[in-house]
Amino acid sequence: MEEESTTIIVQRYLDVLPTDADAEAIIRELLDRAVGRLRLLCTNLLYRSYPRLRQPPLNVETDELLGGVVAGLLRALQTVRPQGVRQFFALATQHMRWQLNDLARRLDEQPAAAALPEAGVAAPPSSSDSCLSPHGRRMLGAIEGLPEVEREVFELVRIQGLTHGETATVVGVSEKTVQRRLNRARLLLAEQLADLSPPLSDTPTLPPGNTSAP
């Protein structure tokens with residue numbers, strides 16, 4: 001019910017969003033009403049796909065990521081006009097990924113901090129294990145390579161943690177269609193990643209309630 005209300009509210013704002021650039025007040029109201037769902041999506045992506053960013057030295061928090069995403073959407077929506085809820089949250093998710101990938105890249109480029117022998121403090125772990133292993137990166141690449149409709153459903157359900165019903169509302173299809181697209185995505189991924197031995201600890205974690213086999 002909460003997701004349906006958010007969907008209806010977001011669509012209402014998108015319907016009245018002016019086509020000219022003088023729309024900042026409406027955009028701010030739209031983002032204010034959508035912030036609950038945006039926070040949930042930020043939390044799921046950060047905790048499930050980028051857990052190392054929550055640890056030193058970055059210590060990224062959900063609200064920090066959310067603030068950057070909202071600021072990015074505020075700028076983007078001055079020129080981009082999503083036609084529906086599906087496009088709006090796809091745009092939001094893209095901004096989340098841009099920010100998280102940028103943070104991960106910067107972390108990987110940081111030199112290891114020097115140890116402090118007099119204090120007996122060891123140097124922190126190498127940045128090479130800061131986010132994803134080669135297997136994890138390969139799996140995320142395979143997800144990115146899925147056909148658009150399958151990738152959208154897979155990310156919403158398996159990475160962002162939405163239920164099948166919530167995903168159906170956001171995408172605008174039936175729950176049966178969501179299940180069919182999810183099964184198709186899983187088959188495609190299984191074919192591409194058949195040589196890997198699951199489970200991989202740093203690949204996207206499956207949310208509770210959506211782990212049934214096809």
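In the predicted model, a salt bridge joins the side chains of Arg97 and Glu155, with an N to O distance of 3.4 Å. The two residues come from distant parts of the chain: Arg97 belongs to helix α4 (residues 85-109) and Glu155 to helix α6 (residues 148-159), 58 residues apart. Both Arg97 and Glu155 are buried. The pair is part of a network of salt bridges in which Arg97, Glu144 and Glu155 are linked.

The structure holds 9 salt bridges. Another of them is formed by the side chains of Asp63 and Arg39, at 3.2 Å from N to O. This pair also links distant parts of the chain, with Asp63 in helix α3 (residues 62-76) and Arg39 in helix α2 (residues 24-49), 24 residues apart. Arg39 has a relative accessible area of 34% and is therefore partly exposed, the range for that class lying between 20% and 50%.

A further salt bridge is found within a single helix. The closest N and O atoms of Asp102 and Arg105 are 2.8 Å apart. Because Asp102 and Arg105 are 3 residues apart in helix α4, about one helical turn separates them. Asp102 is partly exposed, at a relative accessible area of 28%, and Arg105 is likewise partly exposed, at 44% relative accessibility.

The overall fold was examined next. The protein has 8 helices and 0 strands, and its elements run α-α-α-α-α-α-α-α from the N terminus on. Of its 214 residues, 44% count as buried. Among contacts with a separation of 6 or more, 69% are between residues 24 or more positions apart.

In soluble globular proteins, nonpolar side chains tend to be buried together. The largest nonpolar core of the model comprises 55 residues, of which Leu38, Leu53 and Phe88 touch the most other members. Two or more residues of this core are given by each of α1 (2-16), α2, α3, α4, α5 (134-144), α6, α7 (164-171) and α8 (175-192). The greatest share comes from α4, with 10 residues. When residues up to four places away in sequence are not counted, Leu38 touches Leu31, Leu66, Val70, Leu73, Phe89, Ala92 and Met96.

Two packed helices are described by the angle between their axes and the distance between the axes. For α6 and α8, the angle is about 100° and the axes are 8 Å apart. The two helices are therefore roughly perpendicular to each other, a term that covers angles of 65 to 115 degrees. On the α6 side, the contact is made by Val149, Glu150, Val153, Phe154, Val157 and Arg158. These residues meet Val178, Arg181, Leu182, Arg184, Ala185, Arg186 and Leu189 in α8. By class, the residues of the contact of α6 with α8 comprise 8 nonpolar, no polar and 5 charged.

Thr7 lies in helix α1. Its relative accessibility is 10%, so Thr7 counts as buried, the limit for this class being under 20%. With neighbours within four places in sequence left aside, Thr7 is in contact with Val85 and Thr169.

Two backbone features remain to be described. Pro56 and Pro57 are joined by a cis peptide bond, with omega at about 10°. Pro57 lies in the loop between α2 and α3. Asn59 is likewise placed in the loop between α2 and α3. The phi angle of Asn59 is near 55°, a positive value in a residue other than glycine. At 35% relative accessibility, Asn59 counts as partly exposed.

Note on methods. Residues numbered from 1 in each chain as written. Predicted model: local features only at pLDDT ≥ 70, side-chain atom pairs only at ≥ 80, totals over all residues. Heavy atoms only, no water. Salt bridge = Lys/Arg side-chain N within 4 Å of Asp/Glu carboxyl O. Helix = DSSP H or I, 4+ residues; strand = E, 2+ residues; numbered from the N terminus. Buried < 20%, exposed > 50% of the residue type's maximum accessible area, 1.4 Å probe, protein only. Core = buried A, V, L, I, M, F, W, Y, C linked by side-chain atoms within 4.5 Å. Contact = heavy atoms within 4.5 Å. Axes fitted to C-alpha atoms, helices over the stretch in contact; angles between N-to-C directions. Parallel < 35°, antiparallel > 145°, perpendicular 65-115°, else oblique. Nonpolar A, V, L, I, M, F, W, Y, C, P; charged D, E, K, R; others polar.
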